[in-house]
Amino acid sequence: MSRLATDAPVLVRAEGQVARITLNRPEKRNALSLELTEELIARLRRLSEDPGVRVIVIDAVGPVFSAGHDLSEMVGRDVAFYQRLFEVCTDLMETIHRLPQPVIAKVEGMATAAGCQLVAACDLAVATHAARFATPGVKLGLFCSTPMVPLSRAIGRKRALEMLLTGQPISAETAHEWGLVNRVVPADSIDDELGAIVDAIVASSPLTVGIGKEAFYAQIELDEHRAYDLTKAVMAMNARADDAQEGMCAFLEKRPATWARR
């Protein structure tokens, strides 16, 4: 697909309860320039405040999902620029985790370096068989240190280090086996697969989904005892919420639940 009919690097459109964010720099392999990354953060934050948006999908125009940072803006810059660039990129990844809505990466091409990082940072990912994933910075003399943060948490130490130390790409099937993506499907089936996941998410209470997502990222790096301390408090608070009371009553009364708006 060629560049969409606009010069905007990031496009947003609503599809019912789904907001679709599209990276629109195919001539630059959808590189995450500072401008694009800041715009992506701003769009995500605005969507987080929209009660009509239940799920966010991030996709891209062209054969490359994202090639990572825009190397053309990284040559000959001062330390302050590099610090700003990586601070903003980190802010993007952390913003995805802080959103109440699940964020799904739709990957139909190559995702490398910070592009692979973006996929790893999304809550879920669906890929076509043509997708490939790599962290090739080591070949350029710039180790993919920030991409390894979500990557190592998604696929584990040995597999992440293999990608990071060799820079070699992995197939969509390997990415699925390793846990980087949730589904791998033919290109003509990816929208149906996404639709099935979205339908399952939006059937539940938006409040409960938001509570659960926040708790997941809060507990994932804690030891077991501290994780239980956190999650038992979250569940006690959740149980008092109107949607939890409604859901339990609906189950006992054998009727569909009616959820409050977020």
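In what order do the six strands of the open sheet stand?

**Figure 1. The six-stranded sheet.** The order is 1-2-3-5-7-10, in an open sheet with mixed pairing. Strand 1 (10-15) and strand 10 (183-185) are at the edges with a single partner strand each, so one side of each has no neighbour in the sheet. From one strand to the next the twist averages 20°. The model is predicted: local features need pLDDT of at least 70, side-chain atom pairs count only at pLDDT 80 or more, and totals for chains, interfaces and linings use all residues. Residues are numbered from 1 along each chain as its sequence is written, and side-chain values use heavy atoms, with hydrogens and water left out. Helices (H or I, at least four residues) and strands (E, at least two) are DSSP runs numbered from the N terminus. Two strands pair if DSSP finds at least two bridges between them. Axes are lines fitted to C-alpha atoms, for helices over the stretch in contact, and angles run from 0 to 180 degrees between N-to-C directions.

**Figure 2. Strand 3 and its pairing with strand 2.** Strand 2 (residues 18-23) and strand 3 (residues 55-60) run parallel and are joined by six bridges. Ala19 stands opposite Ile56, and Ile21 has Ile58 as its bridge partner. In strand 3, six of the six residues are buried, so the strand is largely enclosed by the rest of the structure. Buried means under 20% relative accessible area, exposed over 50%, and partly exposed in between (1.4 Å probe, protein chains only). In a regular strand the side chains alternate between the two faces of the sheet. Val55, Val57 and Asp59 point one way from strand 3, while Ile56, Ile58 and Ala60 point the other way.

**Figure 3. Asn30 and Ser33 in the loop between strand 2 and helix 1.** Asn30 lies in this loop, as does Ser33, with helix 1 spanning 34-48. Most residues other than glycine have a negative phi. Asn30 has a positive phi, near 50°, and is buried at 0% relative accessibility. Ser33 is also buried, with a relative accessible area of 5%. Not counting residues up to four places away in sequence, Ser33 touches Arg25, Asp70 and Glu73; contact means heavy atoms within 4.5 Å.

Figure 4. Four strands make an open sheet of mixed pairing, in the order 4-6-8-9. Its edge strands, strand 4 (64-66) and strand 9 (170-171), each pair on one side only. Strand 4 pairs with strand 6 (residues 110-112) in the parallel sense, over two bridges, and Ser66 stands opposite Ala111 of strand 6. Helix 3 (residues 114-121) lies across strand 4, strand 6 and strand 8 (132-134), at about 100° to strand 6. Eight of the eight residues of helix 3 are buried, among them Cys116, Gln117 and Leu118.

**Figure 5. Val119 and the nonpolar cores.** A nonpolar core is a set of buried Ala, Val, Leu, Ile, Met, Phe, Trp, Tyr and Cys residues joined through side-chain atoms within 4.5 Å. The largest one has 54 residues, and those with the most contacts inside it are Ile56, Phe65, Val107, Val119, Phe133, Leu180 and Val181. Helix 2 (residues 79-98) gives the most to this core, with seven residues. A second, separate core of twelve residues includes Ile104, Ile197, Ile201 and Val202. Leaving aside neighbours within four places in sequence, Val119 is in contact with Phe65, Ala105, Val107, Ala111, Ala125, Phe133, Leu180 and Val181.

**Figure 6. The packing of helix 9 against helix 10.** The axes of helix 9 (residues 206-219) and helix 10 (residues 224-240) are 10 Å apart, at an angle of about 170°. The two helices are therefore roughly antiparallel; angles under 35 degrees count as roughly parallel, over 145 as roughly antiparallel, 65 to 115 as roughly perpendicular and the rest as oblique. Thr208, Ile211, Ala215, Ala218 and Gln219 in helix 9 meet Ala227, Leu230, Thr231, Val234, Met237 and Asn238 in helix 10. The residues of this contact are seven nonpolar, four polar and no charged. Here Ala, Val, Leu, Ile, Met, Phe, Trp, Tyr, Cys and Pro count as nonpolar, Asp, Glu, Lys and Arg as charged, and the others, Gly among them, as polar.
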